[in-house]
Amino acid sequence: MGLMVHIQTAVGHGYASTTRMDATGIDDAVGLAVSQAGEYPAPGPVPEGCGEQGEYRTRVHIDPFRVPSEEYYATMDRVAAAALRHPAVRLTESFIAASRVHKVFMDTRGSEIDQQFTTCGGGIRAFAVSNGEVQRRSNGILQGDHGQAGFEFVSETYQETLGDQMGAEATALLRAPPCPAKVTNVILGTEHMALLLHESCGHASELDRVTGDELTFAGASFLTPDRRGWFRYGSSLVTITADGSTPGAMGTYGYDDEGFAPRRIVLVERGIFKAYLSSFGSAIALEEPSGGCARGEGWWGVPLVRMPNVSLAPGDISLPQLLSETDDGIVMETPYTWSIDDRRLHFHFTSELAYEVKQGKRGRLLKNASYMGVTPRFWAGCDAVADMSSWRLWGLAACGKGEPMQAMPVGHGAAPARFRDVQVGESRR
Amino acid sequence: MSETPWADPVESALARSEAQATEIVILDEGYSITRFRRGAVHQNIYRSAARAAIRALVDGRIARLITSVPRPDSLSGAVSEATALTRSAGAPSPLQDFVPAGMRMENDNAYPLPPQQVKDRAIRDIVAYGKAHGLSGSGAYVVRDATLLIATSSGLRVRTRGTNGYIRVVYESRQTSGYAEQLSTDFQLLNPEAVAREAAEKALVPGDPVTIPTGEYDVVLDEVAAADWLRFLGVYGFNGLVAANGASILKDAWGKSLASPIVTIWDDATDSRSLTLPFDFEGTPTRPTPLITRGQIERPVHDRTTAALQRTASTGHANLPFGLQLLPGPAPFHWHMAPGPTTREQLIASIDTGLLITRLNYTDLADRRAGILTGTSRDGTLLIERGEIRRPATDVRITDSLLGMLGRVTGVGNTLRLVYDWWNPMYDYSMCYLIPPVKIAACHINGVSTIS
């Protein structure tokens with residue numbers, strides 16, 4: 001438990017945070033915030049929100065903090081045991097995580113906002129071993145899958161069938177050939193789409209990266225203001241939105257940490273870059289109202305521009321049809337590792353599992369697959385997006401940004417999509 | 001521990017603990033950070049926080065509870081909660097006790113904190129220096145003061161206090177940028193002008209950035225980039241937990257001479273040139289630990305848990321129980337690389353066509369089994385031709401084998417710099433490196449960061 005104070009003086013602005021919640025501690029924090037203000041003017045006035053009084057609560061059916069820990073272990077054991085039934089699987093790692101955050105925001109304009117966030121999720125990793133080779137299968141994007149929900153999310157997601165799938169696929173990968181190096185069509189499954197949206201669009205459209213706030217650490221963005229409104233970010237099939245009100249998604253909230261309600265923002269519309277994710281302070285640079293995207297990890301973290309739920313609009317072709325219309329390509333499922341440059345242009349992602357598509361039919365399983373690209377060129381090659389029947393939402397528990405680094409939950413929804421002329425290869429070459 | 005407000009509450013909490021063994025780790029930290037961008041301060045924060053990590057051992061099971069501690073007298077309640085948690089802990093722990101009595105240490109490495117005006121003046125000077133050279137300045141100035149205290153029911157009582165100051169600067173021109181940083185335990189040694197000058201020199205290399213074809217190039221990694229490269233050896237290589245699981249990228253390399261014979265690296269948290277830490281986060285005394293000796297890969301590092309798993313002794317590398325970790329498990333946190341006989345200028349002069357890389361971004365292992373590193377350069381990627389820096393280059397992607405790169409080190413600079421870890425700078429007890437610039441032959445460049 002702790003508290004953050006943000007003040008503005010005639011000469012600057014400052015923050016102070018403390019774990020001392022008594023009157024003396026709070027007084028000290030105000031004093032320290034004033035002393036932090038220094039001699040430099042703030043980029044804009046202190047955000048005072050809209051003076052709203054509001055409340056937000058995650059909809060929870062089964063309170064994870066009333067579920068006995070034995071149920072947590074039993075759930076993990078069931079999933080892990082299903083993976084371990086495959087003889088080549090020598091090791092599993094699994095976890096379940098539940099969190100509850102209670103935030104209260106007040107400002108001198110009369111805002112009084114009370115929010116309580118409950119998240120639940122977990123992950124399973126199965127490692128199959130043979131002749132010194134290790135292959136891994138896991139679920140979700142980078143850290144499993146999470147939702148803003150109660151324990152029902154865990155019960156529904158983490159079942160034996162998931163463990164069995166992970167074990168079977170890890171085992172099959174041991175016998176698979178490596179992904180060949182070539183330029184081909186790539187069909188990204190929803191987990192890879194979530195990663196791609198996160199790294200190449202979500203972060204790239206954060207306005208504080210554009211204004212330079214994050215220049216020394218997280219980096220900047222190639223989506224500069226002079227490109228807004230005309231720049232071709234992707235093909236005409238690409239429409240990407242940010243929405244902080246998606247029910248059950250990890251990046252959903254009632255108000256941001258400057259007191260503003262989130263808005264649905266169309267970041268990319270039919271391939272054209274349209275808008276930024278913004279906070280009150282960053283939006284001043286564009287003389288616009290806040291996009292309601294200022295969030296801090298907790299009482300210790302200055303609110304930064306953080307993506308809420310950044311998702312790709314579904315297309316109008318079923319996934320089976322999309323695959324049947326692919327003469328030659330590679331399907332990538334589940335990210336393994338990821339890297340992207342400081343302007344969010346050149347990325348290199350690897351995949352736990354991939355398989356060939358030949359004349360519209362599923363071909364060989366492939367291991368150690370990677371692909372790379374440059375963001376606008378890659379998205380410009382998007383020539384098919386599957387429809388709503390294969391669209392799904394993924395939850396990421398911790399996205400890092402800021403100095404000192406803060407971790408925030410975010411959500412991403414997408415259907416599988418196909419990209420032309422992508423450089424693929426073997427991750428270890 | 002008599003001088004801290006924690007002494008009596010810690011003793012009281014330990015005395016009242018109903019666990020068979022109890023460990024209390026307190027991190028009482030204050031820091032201020034001022035971040036500025038393109039000439040204006042946009043973030044000024046002072047954080048004062050005390051956190052506790054408590055481990056309780058009951059019937060062979062260990063539970064850990066991490067909490068902020070609003071008041072010292074709230075510790076006892078946290079110990080009780082940790083003890084209760086052991087009832088629902090999973091498998092028995094290989095660790096059956098915490099660090100016993102034997103070392104009582106009160107260590108103070110703190111330097112006087114600079115007043116806010118010093119920070120303000122430094123930032124003003126950095127911004128002005130940039131302006132005078134047509135550059136826009138962004139960066140951060142951090143002042144940190146932390147006390148770490150560890151006590152166990154077996155009698156261990158250790159405490160250390162340390163300070164550090166950190167300045168980082170990025171200058172931007174129309175098409176280029178340059179970066180520099182300085183980290184010091186003594187604020188008096190912080191030299192904003194020198195940091196500004198170094199960053200500006202890189203941003204001011206004349207010419208438009210040239211896009212080089214992909215291929216193999218000799219590179220000089222300046223200290224910050226070299227540290228980024230080494231991090232993965234620690235997290236995925238020397239980490240005793242991944243080694244115990246058979247997943248270390250060095251699992252086939254122990255005892256072998258796979259690095260260049262001019263590479264010698266060790267970990268030493270006792271060296272006063274680094275951010276010293278006399279004991280690790282379990283209270284085990286730290287000591288110099290060889291990692292690579294004249295090219296030979298040494299052994300993994302351990303905390304008490306991985307040491308128990310491997311039937312060896314802790315090397316004093318227990319990880320911080322707070323904050324973001326790239327991967328759990330013990331790792332080297334105070335890297336030292338032996339300097340070579342060569343100046344940085346001579347390293348550059350020895351390259352016919354290659355790159356000077358200032359800094360890397362978002363590095364990761366593209367293949368965690370084979371130890372393939374990938375990451376892009378930023379803020380000072382410079383083309384070297386015929387032994388001289390000729391012009392800026394477009395940022396590139398390096399994808400190469402970590403061990404392979406170690407084997408291709410053909411030059412080590414003769415100056416050392418203390419740098420923070422890219423992944424987690426300024427946060428708690430991040431990794432730090434006392435490291436020279438390094439020349440690596442035939443680095444695999446497989447991409448360029450350009451929109452056109």
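R125(A) is partly exposed, with a relative accessible area of 26%; on this scale, buried means under 20%, exposed over 50% and partly exposed in between, using a 1.4 Å probe and protein chains only. In this predicted model, local features need a pLDDT of at least 70, side-chain atom pairs count only at pLDDT 80 or more, and totals for chains, interfaces and linings use all residues. Residues are numbered from 1 along each chain as its sequence is written, chains are lettered from A and ligands numbered from 1 in the order in which they are written, and side-chain values use heavy atoms, with hydrogens and water left out.

The partner of R125(A) is E93(A), and their side chains form a salt bridge with an N to O distance of 3.6 Å. The term stands for a side-chain nitrogen of Lys or Arg within 4 Å of a carboxyl oxygen of Asp or Glu. E93(A) lies in strand β4 of chain A and R125(A) in strand β5 (residues 112-130) of chain A, so the pair ties together parts that are 32 residues apart in sequence. Helices (H or I, at least four residues) and strands (E, at least two) are DSSP runs, numbered from the N terminus. E93(A) is partly exposed too, at 33%.

Over all chains, the whole structure holds 51 salt bridges. One of them joins R100(A) to D63(A), with the closest N and O atoms 3.2 Å apart. R100(A) sits in strand β4 (residues 89-106) of chain A and D63(A) in the loop between β3 (53-57) and α2 (69-84) of chain A, so this contact links parts 37 residues apart in sequence. Chain A also has a network of salt bridges that links R136(A), R137(A), E169(A) and E352(A).

Turning to chain B, D271(B) and R273(B) form a salt bridge whose closest N and O atoms are 2.7 Å apart. Here D271(B) is buried, at 14% relative accessibility, whereas R273(B) is partly exposed, at 47%.

Chain B also contains an open sheet of 6 strands in the order β11-β10-β9-β12-β19-β18, with mixed pairing; two strands pair if DSSP finds at least two bridges between them. β11 (296-297) and β18 (417-420) of chain B stand at the edges with a single partner strand each, so one side of each is left without a neighbour in the sheet. Further in, β9 (residues 265-267) and β12 (residues 334-337) of chain B pair in the antiparallel sense over 3 bridges, and I265(B) stands opposite M337(B) in β12(B).
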